[in-house]
Amino acid sequence: MAELAVVAIIAGLLIGGMVGMVLAGCRAVRRRNEVCARHPTRPPLRWLASPERCAQLHRRLRDAVVVLRQAVPAKRLRRRGDLTPLAAVANEIEMHAVALDCDLRLASRRRGPAGHAQRESVAARIEEIERSAHRLAAEGRGCDRAGIESTDEALRRISEYLDARDAAWADLARIERDAGLGAHA
């Protein structure tokens, strides 16, 4: 009888643990789908991967906030005056993104020409949020566009480095072969 109780307790713990993991996983997926975890808007879960226009706009908005927050992390403050100017602007952009996500949820439910017009209006504002978030992120990372080499220049420099390295390895292999130090000696 005692053995049966122990088995029941172990089974209960295992089932409870699995239920807890599933609930934690569901919570993580819901948080991943939010534009801002601090101000949830509860977007539909299907927007995580749906090809529909509103889902794509939602993901663009979410990604813009992610880029912004990687460059200018949100901080917990004791006082309002603790914000740096970049952090204050980042918070404002994030709040506008949350408001746009709410507008997007409403626009996704409207049909006809009015719904289409509302979705296009939201799309235009999302593009502005994206531009602002990327500009602020660049500033937050300390990237002054005038001081950064262009992508073409960077790729050319990297390619030249790799070519020089390959030539050096080829020279080294030739010298070893001529000196009889190679693997074939």
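Trainee: How many disulfides does a search of the whole structure find?
Mentor: It finds 0 disulfides. Keep in mind that this is a predicted model.

Trainee: New topic. Where does Arg-42 lie?
Mentor: In the loop between α1 (2–33) and α2 (53–71).

Trainee: Is the Arg-42 side buried or exposed?
Mentor: Arg-42 counts as exposed, at 52% relative accessibility.

Trainee: Now α2. At what angle do its axis and that of α4 cross?
Mentor: Roughly 20°, and the axes come within 8 Å. α4 covers residues 112–140. That crossing angle makes α2 roughly parallel to α4.

Trainee: Left-handed or right-handed crossing?
Mentor: α2 passes α4 in a left-handed crossing.

Trainee: Which residues in α2 meet α4?
Mentor: Among them are Leu-57, Leu-61, Ala-64 and Leu-68. On the α4 side, the residues include Ala-123, Ile-126, Glu-130, Ala-133 and Ala-137.

Trainee: Why would residues three or four places apart point the same way?
Mentor: Because an α-helix has 3.6 residues a turn.

Trainee: Last one. How many residues has α5?
Mentor: Helix α5 has 29, residues 151–179. From first C-alpha to last it reaches 42 Å, close to the 42 Å expected at 1.5 Å a residue.

Trainee: What follows α5?
Mentor: Gly-180, with a positive phi near 75°.

Key: Residues numbered from 1 in each chain as written. Predicted model: local features only at pLDDT ≥ 70, side-chain atom pairs only at ≥ 80, totals over all residues. Heavy atoms only, no water. Helix = DSSP H or I, 4+ residues; strand = E, 2+ residues; numbered from the N terminus. Buried < 20%, exposed > 50% of the residue type's maximum accessible area, 1.4 Å probe, protein only. Disulfide = S-S within 2.5 Å. Expected span 1.5 Å × (residues − 1). Axes fitted to C-alpha atoms, helices over the stretch in contact; angles between N-to-C directions. Parallel < 35°, antiparallel > 145°, perpendicular 65-115°, else oblique. Left-handed = near helix turned anticlockwise from the far one by under 90°. Contact = heavy atoms within 4.5 Å.
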